[in-house]
Amino acid sequence: MKKQNIITNAEPVRIDAAPEMGLTAEQVAQRIAEGADNRPVDSPSKTVKEIIADNVFTYFNLVFLVIAVLLALVGSYRDLTFLPIIISNTLIGIFQELRSKSILDKLTVLNAPVTTVIRDGEEKTVPSRELVLDDIAVFKAGDQISADAIVLSGNASVNESLLTGESDEISKNTGDSLMSGSYVVSGSCRARLEKVGSSSYISQLTLQAKKSRKGEQSEMIRDLNRIVKIAGIVLIPIGAVLFYQAYYISHQTIKASVQSMVAAVLGMIPEGLYLVASATLAVSAMRLALNKVLVHDMKCIETLARVDVLCVDKTGTITENCMSVANVHPCTEETSEEALHGLISDFAAAQDSDNETMAAVKNYFRQPTGALPKSVTGFSSEFKYSSVTLESGAYVMGAPEFVLKEEYEKHRAVIESYSKKGYRVLVFGKYSGSPDGKALEKAVEPLCFITLSNPIRENAPETFRYFAEQGVEIKVISGDNPVTVSEVAKQAGIENAGNYIDASTLTTENSINDAVKRYTVFGRVTPDQKRQFVKALKKAGKTVAMTGDGVNDVLALKDADCSVAMASGSDAAAQAAQLVLLESDFSKMPEVVAEGRKVVNNLERSGSLFLVKNIFSLILSVLSMCFGIVYPLKPAQISLVSMFTIGIPAFFLSQMPNRDLIKGKFMTNILLKALPAGITDTIVVAAMIYFGNIFSVERSDIATASTILLSIVGLMIVFEICKPMDVYKMWLWIGCTVGLIFCMLFVSDFFSISSMSNRCILLCINFSIIAEPTLRYLTKFLRWFKEWLVGDTVAENK
């Protein structure tokens, strides 16, 4: 029996247990007490309580709570009509975060519930979470490696697609490392667990994949937050001054003072804009679901519409997933074609169909001579070959540059001629040594080259043509030969596809930063490089979308501004991505982009309606403070105008088809559209207050007249935004007009609408007539000013 040695060069103290004995029960208990076990890592996402608290206990919810309490204290319950919108906003925020948390918490890469170990000299099966550091684990064909380990005895072929992105076998012998998350394809071994729990590779990958990206928001959401922050800074001092003026200077009742102050504050907060944005994105997500596109994060709908770089893989995106042998090209005339076909058939019969390449070879070469193999090594993604030793000698098949080594230059021209036609090239040759799955040290005599191809997806050229027309740059990132990938990209119609580079030559951060700007096609890319490419593109100021289907793509997907996964790929990639193409059909991408553009363009159009109210309330509040007048409107009246000239038309207009390119900045666009109407509102209402006081009109009459004026200007701006007018938009505008009139006539008390004196009616008619040319000329002036500003900026840049 081997004596157990203590390894003291790491913490906790290591135990060198004999492979046939394993750890004792006492040592296992000690490891568990030290926390050196394989329990799953806790999710870094927020808890349900934290999510609810973060959405409920916000600054603006506090403001609205104070407003609601003040209105309740003075008995003005009908002015609480804003509460449903606030509650809806809060519930939507909670629902979205809980949904994202649920998706991330389900993300798992390790699916091995139990593992076989040696303890106290006996073979036992234990839950994988109860493994401990230095346990002796037994891994057999079909097992998933549950923790990082070192092989002590035996031999196994392992699929390490987590590390390489290729579903190829790597032979593992004594002293080799086993990475958690990989699978044993054949053979068996005993291995000592080197890293468990949060220290293992798979746990680190899972932790990074589950991290939600804090602070990263779409441009539209950032601008909405900016508006809210500005309103939050000014509303408290303005509200306090308005209440002081109304109650202490104008000697209004406390109820009237609270009502006027609340109306001004509510007018400055775009509470409905968040609701419309959330509802619009939710409806878009449902529409995409009908087109077999699953949306995990609704904000990505907008982000994808703004993307200017799209990173794609060759296989599964440009080409079909299936691969087939195109032809066999003998290197010499000494071996007959028939004999060569039989020899390769014997080689293929000895191999497992563990990857697409070998499956294609086995499908093509199906006439073995019956020669029995002496030894076999599966495909090594590290050394890029597989081998079979027959009575007639040892034979290898793999990537020419790895198999031929120094002899590659003699055949480069022939190989690249095939690669330039879009073929993947394999070399089949006779090896003068004994292949063992490690690096080939002796010469290989090439017998033939085998060309394979993935057919180009039928709709790929059309899809890439669409992105080119939309100004989206394509970056093809693949593990294949760059010449082959470049040719395939050309066949798919990708612009600048001839501009390629071998990513294995990119060894520094600077070289990667430079390459992503200069090249379109990247071959021989490692999974870690994919992530580096995404970061480099973002550093260059690009908005990056990334497609992927493997576990090795997860971290790059998480780093991209917008991530898209194929449902046919790994569950981890599908859970980490923001969008999932359920039919793995890349041609759905233009529909997703079009949906995002519809959302952004329509919210720019309808969002300006909300800013009209904010601009008006802010300017009128400042004027009220400067000239000592009482803010004329009540909260219920603001709610009435908001409902029919902002909320309802904004939602329905946000659902209109719109595939236009997104131009300019969200904030600038909606501000320029809203400013003329906001200033017009201020002018006509201020005039109504001024002349109403001159002609001794009652304050209640002025409030009702101001509501009517705001409604008229609101309907005018809705009509303007609806252009070009169609039947749908016309009925929307008529419906809003009828709704306003109905509420003013039949539920007037609820919205504080009172009858007006003849003098007030005449003033209201006059200012209604003045409103139209005021709005028209202000709109023309701002358009001219925008054009002048843009022209001046362009001239300065030149």
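# Close-up views of a predicted model

**View 1. Glutamate 720 is partly exposed, with a relative accessible area of 32%.** Buried means under 20% relative accessible area, exposed means over 50%, and partly exposed lies in between (1.4 Å probe, protein chains only). The side chain of glutamate 720 meets that of lysine 723 in a salt bridge, at 3.3 Å from N to O. Lysine 723 is partly exposed as well, at 44%. Salt bridges that share partners join Arg14, Arg31, Glu34, Asp134 and Glu194 into one network. A salt bridge here is a side-chain nitrogen of Lys or Arg within 4 Å of a carboxyl oxygen of Asp or Glu. The whole structure holds 25 of them.

The model is predicted: local features need pLDDT of at least 70, side-chain atom pairs count only at pLDDT 80 or more, and totals for chains, interfaces and linings use all residues. Residues are numbered from 1 along each chain as its sequence is written, and side-chain values use heavy atoms, with hydrogens and water left out.

**View 2. The peptide bond from lysine 723 to proline 724 is cis.** Its omega is near 0°. Most residues other than glycine have a negative phi, and most peptide bonds are trans. Proline 724 sits in the loop between α24 and α25 (727-746). Helices (H or I, at least four residues) and strands (E, at least two) are DSSP runs, numbered from the N terminus.

View 3. Glutamate 34 is partly exposed, at 39% relative accessible area. Arginine 31 is buried, at 1%.

**View 4. Aspartate 134 has a positive phi of about 75°.** Aspartate 134 is not a glycine. The residue lies in the loop between β4 (122-127) and β5 (136-140). Its relative accessibility is 0%, so aspartate 134 counts as buried.

**View 5. Aspartate 514 and arginine 518 meet in a salt bridge.** Their side chains come to 2.9 Å, N to O. The pair lies in helix α17 (residues 509-518), 4 residues apart, which means a separation of about one helical turn. Aspartate 514 is partly exposed, at 35% relative accessible area. Arginine 518 is partly exposed too, at 48%.

**View 6. Strand β18 pairs with β11 and with β20.** Strand β11 (residues 309-312) runs parallel to β18, with 4 bridges between them. Here leucine 310 stands opposite isoleucine 474 of β18. Strand β20 (residues 521-523) pairs with β18 in the parallel sense over 2 bridges. Valine 476 has valine 521 of β20 as its bridge partner. Two strands count as paired if DSSP finds at least two bridges between them. In a regular strand the side chains alternate between the two faces of the sheet.

**View 7. The largest cavity holds about 120 Å³ of space.** The whole structure has 4 cavities of 30 Å³ or more. Rolling a probe the size of a water molecule over the atoms shows where empty space is left. On a 1 Å grid over the protein atoms alone, a cavity is a set of points where a 1.4 Å probe fits but cannot get out, and lining residues have an atom within 4 Å of a point. Points are joined across faces, edges and corners, and a volume is the space filled by probe spheres set on them. The lining of the largest cavity has 13 residues, and Lys613, Val641, Thr645, Ile646 and Asp681 lie nearest its centre. At least two lining residues come from each of α21 (589-627), α22 and α24 (699-721). α22 gives the largest share, 5 residues. The lining divides into 8 nonpolar, 3 polar and 2 charged residues. Ala, Val, Leu, Ile, Met, Phe, Trp, Tyr, Cys and Pro count as nonpolar, Asp, Glu, Lys and Arg as charged, and the others, Gly among them, as polar.

**View 8. Serine 642 lies in helix α22 (residues 635-653).** Serine 642 is buried, at 13% relative accessible area. Leaving aside neighbours within four places in sequence, serine 642 is in contact (heavy atoms within 4.5 Å) with Lys613 and Gly647.

**View 9. Serine 584 has a positive phi of about 50°, although it is not a glycine.** Serine 584 is found in the loop between β23 (579-581) and α21. The residue is buried, with a relative accessible area of 10%.

Technical notes. On a 1 Å grid over the protein atoms alone, a cavity is a set of points where a 1.4 Å probe fits but cannot get out, and a pocket is an open set with protein on both sides within 12 Å along at least five of seven lines; lining residues have an atom within 4 Å of a point.
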